[in-house]
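Opening my notebook on this one. I'll go through the chain piece by piece and jot down what I look up.

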Amino acid sequence: MGVAACLSDLYESCHDGHASRNKLKKRNQIQTVEIKVKMDCEGCERRVRKSVEGMKGVTSVEVDLKKSKLTVVGYVDPDKVLHRVLHRTGKKAEMWPYVPYDVVDHPYVPGVYDKKAPPGFVRNTADVDPQAGSLARASSTEIRYTTAFSDENPTACTVM
């Protein structure tokens, strides 16, 4: 019985250590990854879809040919998805750089408006240039001049 007890303890310690290592391993959270991929036809669309469908952790794949957009939902790493699309398809791909037109304060700041963007979308000002965000905001002098003649300002000048 002494040998069997020692072997039993050894077996349990090995499996307890394995379970604790699994608990320490960080799991990916569910994410939505949007990628801009240059696609011309339905064959390109099918190739892009098949490149990421077999990835571990992918739950759904949507391809929009008109917007040249690939949307992957699942427990995946965005960089790995982008690398896989680049490697498997050989097409030019980048993370989705556009945001809806309504989200950006000043969509016509230099570098934000893009003629290649799908309808209703513009480039994100934070992605284009960090200084472009400061260009989009009005300076304190401009704010004083615009609010001086505003109807909402109770101490505004009235010119008749």
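Predicted model: local features only at pLDDT ≥ 70, side-chain atom pairs only at ≥ 80, totals over all residues.

**Entry 1: a serine in a turn.** I started at serine 68 and looked up its contacts, meaning heavy atoms within 4.5 Å. Leaving aside neighbours within four places in sequence, serine 68 touches Ile35, Lys36, Val37, Met39 and Trp96. It sits in the loop between β2 (58-64) and β3. My strands and helices are DSSP runs, numbered from the N terminus: E for strands, at least two residues, and H or I for helices, at least four. Is serine 68 buried or exposed? It is buried, with a relative accessible area of 16%. The cut-offs I use are under 20% relative accessible area for buried, over 50% for exposed, and partly exposed in between, with a 1.4 Å probe and protein chains only.

I also noted the phi of serine 68, near 55 degrees, which is positive in a residue other than glycine. Most residues other than glycine have a negative phi.

Entry 2: Residues are numbered from 1 along each chain as its sequence is written, and side-chain values use heavy atoms, with hydrogens and water left out. pLDDT is the predictor's confidence in each residue, from 0 to 100. The protein chain averages 76, and 58% of the residues score at least 70. Over residues 132-136 pLDDT stays under 50, and the model has 5 contacts beyond four places in sequence for that stretch.

**Entry 3: the sheet.** Next I looked up the strand order. I found an open sheet of 4 strands, β2-β3-β1-β4, with antiparallel pairing. The edge strands are β2 and β4 (93-95), since each pairs on one side only. From one strand to the next the twist averages 25 degrees. Two strands pair if DSSP finds at least two bridges between them.

β2 and β3 pair in the antiparallel sense over 6 bridges, and in this pairing aspartate 64 has lysine 69 of β3 as its bridge partner. The two strands form a hairpin with 4 residues between them, and my serine 68 is in that turn. Strand β1 (residues 31-37) also pairs with β3 in the antiparallel sense, over 6 bridges. There, valine 33 has valine 72 of β3 as its bridge partner, while glutamate 34 has threonine 71.

**Entry 4: inside β3.** Why is β3 largely enclosed by the rest of the structure? It is because 5 of its 6 residues are buried. I checked threonine 71, found in strand β3 (residues 69-74). Threonine 71 counts as buried at 14% relative accessibility. Beyond four places in sequence, its contacts are Thr32, Val33, Glu34, Ser60, Val61 and Glu62.

**Entry 5: helices on the sheet.** Helix α2 (residues 42-53) lies across β1, β2 and β3, running at about 165 degrees to β2. Helix α3 (residues 78-89) packs on the sheet too, touching β1, β3 and β4, and its direction makes about 30 degrees with that of β1. For these angles, axes are lines fitted to C-alpha atoms (for helices, over the stretch in contact), and angles run from 0 to 180 degrees between N-to-C directions.

**Entry 6: salt bridges.** How many salt bridges does the structure hold? I noted 4, each one a side-chain nitrogen of Lys or Arg within 4 Å of a carboxyl oxygen of Asp or Glu.

- Glutamate 34 pairs with lysine 69, with the closest N and O atoms 3.3 Å apart. This pair links strand β1 to strand β3, 35 residues apart. Glutamate 34 is partly exposed at 30%, whereas lysine 69 is buried at 13%.
- Glutamate 94 pairs with lysine 36 at 3.9 Å. This pair links strand β4 to strand β1, 58 residues apart.
- Arginine 49 pairs with glutamate 45 at 3.7 Å. Both are in helix α2, 4 residues apart, so about one helical turn separates them.

**Entry 7: two cysteines.** Last, I checked for disulfides, pairs of cysteine sulfur atoms within 2.5 Å. The count comes to 0. The sulfur of cysteine 41 has its closest cysteine sulfur in cysteine 44, at 3.6 Å, too far for a bond. Cysteine 41 is partly exposed at 39%, but cysteine 44 is buried at 9%.
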